[in-house]
Amino acid sequence: MSGTFELSNFGPLTALCVMAAEAEYGPALRARIQPLITGVGPVEAAVQTTAVLADLAHQGRLPDVILCLGSAGSQTLEHGRVYWVDEVGYRDMDASVLGFPPGVTPFLDQPAVLTLASGPAGQPYARLATGASVVSGEAYDAIDADMVDMETYAVVRAAARFDVPVLGLRGISDGKADLTGLSDWTDTLSVIDEGLAEALDLLKAEFERLTAPLPGEPA
């Protein structure tokens with residue numbers, strides 16, 4: 001976990017980029033962003049993101065948007081491909097024995113699935129489920145989502161306390177076969193690094209295009 005980060009500029013917008021682990025932060029991303037590295041899992045993601053946003057709010061420097069990016073697992077999506085997140089749920093939350101629908105936190109006025117801000121048009125989107133466990137094999141059968149990670153839901157909830165929208169971006173690192181060791185995750189991270197960097201370039205171009213003056217208007 002590293003508290004060293006810099007806000008990034010995407011056209012006219014400032015962004016706080018958030019990632020879980022240094023292993024996901026490869027050379028292509030290093031040439032573009034300096035993210036907050038929170039550590040792995042929803043607890044670390046929530047604690048670190050909240051602390052940083054509170055400090056930025058105190059300084060009057062809250063970002064316009066948060067970019068939560070990294071790897072994810074999936075049995076159905078294309079291995080090595082990058083997907084924007086349209087919805088995220090909290091797969092660990094299940095108070096159904098008390099009468100609450102699975103995914104709904106008791107006594108919290110929030111739906112089971114949260115909608116994220118939209119990235120560039122025409123790009124692939126997928127539903128994400130966040131939880132504290134590494135998912136492999138038959139464990140996917142109990143998950144109602146296209147892909148799984150361990151941080152995005154926590155980042156979205158932390159950001160909501162400061163009214164900052166979140167964009168989610170995940171590359172599929174594993175899931176087609178049962179995990180047998182750390183290398184089953186890390187072997188694809190270099191490919192995902194390139195894909196995430198390309199997606200950030202598209203996002204920057206989109207923001208710049210949307211805010212560019214119309215022909216004949218002053219720049």
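## Exercises on a predicted chain

Buried residues (under 20% relative accessible area, 1.4 Å probe, protein chains only) make up 47% of the 219 residues in the chain. The model is predicted: local features need pLDDT of at least 70, side-chain atom pairs count only at pLDDT 80 or more, and totals for chains, interfaces and linings use all residues. Residues are numbered from 1 along each chain as its sequence is written, and side-chain values use heavy atoms, without hydrogens and water.

**Exercise 1.** State how many helices and strands the chain has, and their order.

*Solution.* Take DSSP runs: helices are H or I with at least four residues, strands are E with at least two, numbered from the N terminus. The count is five helices and nine strands. Their order is β-β-α-β-α-β-β-β-β-β-α-β-α-α.

**Exercise 2.** Find the strands that pair with β2.

*Solution.* Two strands pair if DSSP finds at least two bridges between them.
1. Strand β1 (residues 8-10) runs antiparallel to β2, with three bridges. Phe10 has Leu13 of β2 as its bridge partner. Two residues separate the strands of this hairpin, and Gly11 in the turn has a positive phi of about 65°.
2. Strand β4 (residues 65-73) is parallel to β2, over four bridges. Here Cys17 partners Leu67 of β4.
3. Strand β3 (residues 36-37) is also parallel to β2, over two bridges. Val18 stands opposite Leu36 in β3.

**Exercise 3.** Decide whether strand β2 is mostly covered or mostly open.

*Solution.* Strand β2 spans residues 13-19. Five of its seven residues are buried, so β2 is mostly covered.

Notes: Buried < 20%, exposed > 50% of the residue type's maximum accessible area, 1.4 Å probe, protein only.
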